[in-house]
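Please look over the model below with the notes beside it.

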Amino acid sequence: MENIILTGYMGSGKTTVGRNVAKMTHYTFVDTDEMIVEQQHRSISEIFAEEGEQAFRDMETALLRQLVAEKKEHLVISTGGGMPLRKENRQLLSQLGTVVYLKACPETIYNRIKGDTTRPLLQCEDPMGRIGEMIAVREPLYKEGAVFTVDVDELIQSEAAAEILKISPAMNASNKDLLRRSTAK
């Protein structure tokens, strides 16, 4: 399918960069976390508190199955940071389109999200340590599921979006012309 899927740890810029990519390509932007919140009529923090992480991961898998079945194209899909942890999810993501891993180091992540209390997995004594531990576990899975990796540590969102468009085979010639015009400004 002709979609661009963004994976990576929370705070890597999937939503912001994804919105930029969608704007540049005239694709439709969707955020899987936002879709789950809308379907469940409650926040992710509430889902974690009431049903636990496993139930939330099940919701992610069900949503991916739904997206694959719908066969929609021309989407930029921002995923939740834990979505690629399940092998089934990595397979479903690859069926949806070109998967791009937005890679960021723990320090970058921490600086971006240190004041965000809506991240249930980081409500702990040592969030910086937790970020490092979780990235160490998740990074091989992000890489396994991705066709491309974009290191976003030194990039602003528009630069990261431009990098994605340069490497994504989902882009056709007319969209590449749009990219050249939008980045030349």
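The points below take the helix pairs, then the pocket, then the cavity.

1. Basis. This is a predicted model, in which local features need pLDDT of at least 70 and side-chain atom pairs count only at pLDDT 80 or more, while totals for chains, interfaces and linings use all residues. Residues are numbered from 1 along each chain as its sequence is written, and side-chain values use heavy atoms, with hydrogens and water left out.

2. Helix 2 and helix 4. Helices here are DSSP runs (H or I, at least four residues), numbered from the N terminus. The axes of helix 2 (residues 32-40) and helix 4 (residues 53-70) come within 10 Å and cross at roughly 105 degrees; axes are lines fitted to C-alpha atoms over the stretch in contact, and angles run from 0 to 180 degrees between N-to-C directions. Helix 2 is therefore roughly perpendicular to helix 4 (the term covers 65 to 115 degrees; under 35 is roughly parallel, over 145 roughly antiparallel, and the rest oblique). T32, D33, M35, I36, Q39 and Q40 of helix 2 meet F56, M59, E60, L63, Q66 and L67 of helix 4, where contact means heavy atoms within 4.5 Å. By class, this contact between helix 2 and helix 4 has six nonpolar, four polar and two charged residues (Ala, Val, Leu, Ile, Met, Phe, Trp, Tyr, Cys and Pro count as nonpolar, Asp, Glu, Lys and Arg as charged, and the others, Gly among them, as polar).

3. Helix 4 and helix 5. Helix 4 also packs with helix 5 (residues 87-96), at an angle of about 25 degrees and with the axes 10 Å apart. This makes helix 4 roughly parallel to helix 5. Their crossing is left-handed (the near helix is turned anticlockwise from the far one by less than a right angle; clockwise would be right-handed). On the helix 4 side the contact includes E60, L64 and V68, and on the helix 5 side it includes E88, L92 and L96.

4. Helix 6 and helix 7. The axes of helix 6 (residues 106-113) and helix 7 (residues 127-145) come within 9 Å and cross at roughly 130 degrees, so the two helices are oblique to each other. The crossing is right-handed. Eight nonpolar, one polar and one charged residues make up the contact of helix 6 with helix 7.

5. The largest pocket. Its volume is about 610 Å³. Of the 29 lining residues, M10, T15, D33, I44 and R119 are the closest to the centre of this pocket. On a 1 Å grid over the protein atoms alone, a pocket is an open set of points with protein on both sides within 12 Å along at least five of seven lines, a cavity is a set where a 1.4 Å probe fits but cannot get out, and lining residues have an atom within 4 Å of a point. The pocket lining has eight nonpolar, 11 polar and 10 charged residues.

6. The cavity. How many cavities of 30 Å³ or more are there? The count comes to one. The largest cavity holds about 40 Å³ of space, a volume being the space filled by probe spheres set on grid points, which are joined across faces, edges and corners. Among the residues lining the largest cavity are S12, V17, R112 and L155.
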